[in-house]
Amino acid sequence: MNKTLLKKIAKRKLAILLIVFFFSLQNTIIFAQEKFKVVIDAGHGGTDPGNLGHKSSKYQEKDIVLKIALAVGKLLDADKNIEVIYTRKDDTYIELHERGTIAQNSKADLFVSIHCDAFGNANVHGAGTFVLGLHENDRNFEIAKKENSVILMEDNYKEKYDGFDPNSPEAVIGLTMMQEEYLDQSLMIASLIQNNFVKTLKRKDRSVKQAGFLVLRNTFMPSVLVETGFLTNTKEGSYLNSKKGQEEIADAIYKAIKLYKKQVDDNIVVEIKPKPEPKPTKPKTRIVKGVDFKVQIASGTKKLKTAPYNFKGLKGIERIKIGAHHKYYFGKTSDYLKAKEMQKMVKEKGFTSAFVVAFKKDKKISVKEALK
Ligand SMILES: [Zn+2]
């Protein structure tokens, strides 16, 4: 082989390398998705120690929940598709409404608040998971009251929390329509966590319940509050205070979040997975004759005026009553891709769980069916 031939081969290799490089770059851009954001909220902190457990122990709820929270975050961090946001990473006091603001500002997909319970009777033990709602019974109210009472330490708490009195069982936790929209997903993550606690870790099942937790009130996303166990129970307290206990609890929460994400992802895949197109060019429209695609932005039992001020300025909202629920839709088009664009736009406006629905002759059909 002479030198010019060698040079030619070298040039060719470089050209191939460059092509491969650009292709992989393109793929990276195509598949670069927005990360799934999880807010991990370690309850209490700083001047608020949370509950102090049994009088024989020297536990502080704030320390134990921080360790569990950091462990959950560390496990989630290993997944490059997940971004972890902490409300606190050290022993600082964060006001309850501030925790909600952190979640809102980060446009998170999920909010998980971690706590330990306490009770006068040291025999009481077990793990429970809560979603926001009206207290179903006195015990739930007692737990919520305990977790909410920290606002009494805050200045102007009545102003900050709309006159909310943590000691009054009648104090209404305003469930806005948007939160009702997230109730299903909140219940889904709650039951996944609870299931891991009970089935895998054999914790006593205190089940998934609803109560008026202030910290969940200001998070407009699927949100749960986990009561990992009772520090007042000596056995459970020492388990939760141990490295083994904290790691196991963290692992149970982590696995539930991963499964939750998968279930949410799978749902989306079913909806947006386009059929393989014979043409190599990307279609700009996908008209389905006789079908109206709309974007569902909210649903709830409350009948709301469709005025823009109720929907972050969105105009032309349509309200349809299906069963006991009023569903609220934005836009109307027979072009599926345009509907997906509208979905993206309303998601950016804050309706993060908005999804595309299809109607045929005013009858709701599945998007999958519509795209057939
Ligand atoms: Zn707590």
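Modeller: Let us start with one bridge. Valine 112 has valine 224 in β6 as its bridge partner. Keep in mind that this is a predicted model.

Colleague: How many bridges join β3 to strand β6?

Modeller: Six bridges join them, and the two strands run parallel. Strand β6 covers residues 223-230.

Colleague: Which residue in β3 is the bridge partner of isoleucine 40?

Modeller: Valine 112 again. Strand β1 (residues 36-42) pairs with β3 in the parallel sense, over five bridges. Valine 112 therefore has bridge partners in β6 and, through isoleucine 40, in β1 (residues 36-42).

Colleague: On to rings. How many aromatic pairs are there by the rule?

Modeller: The rule takes ring centres within 6.5 Å. It gives five aromatic pairs here. One of them joins phenylalanine 311 and tyrosine 328, with centres 5.2 Å apart.

Colleague: Why is the pair of phenylalanine 311 and tyrosine 328 tilted?

Modeller: Look at the angle between planes. Under 30 degrees counts as stacked, and over 60 as edge-to-face. These planes are at 40°, so the pair is tilted. The pair links distant parts of the chain, 17 residues apart. Phenylalanine 311 is in the loop between β7 (291-300) and β8 (318-322), while tyrosine 328 is in strand β9 (residues 325-333).

Colleague: What kind of aromatic pair do tyrosine 329 and phenylalanine 359 form?

Modeller: An edge-to-face one, with 90° between the planes and 5.4 Å centre to centre. Tyrosine 329 lies in β9 and phenylalanine 359 in β10 (residues 355-360), so the pair ties together parts 30 residues apart in sequence. Both residues are buried.

Colleague: Which lysine lies over the face of tyrosine 329?

Modeller: Lysine 294, at 5.8 Å from the ring centre. There is another such case: the charged end of lysine 312 sits over the ring of phenylalanine 351, 5.9 Å from its centre.

Conventions: Residues numbered from 1 in each chain as written. Predicted model: local features only at pLDDT ≥ 70, side-chain atom pairs only at ≥ 80, totals over all residues. Heavy atoms only, no water. Phe/Tyr/Trp six-rings, centres within 6.5 Å; stacked < 30°, edge-to-face > 60°. Helix = DSSP H or I, 4+ residues; strand = E, 2+ residues; numbered from the N terminus. Buried < 20%, exposed > 50% of the residue type's maximum accessible area, 1.4 Å probe, protein only. Lys NZ or Arg CZ within 6 Å of the ring centre and 35° of its normal. Pairing = 2+ DSSP bridges.
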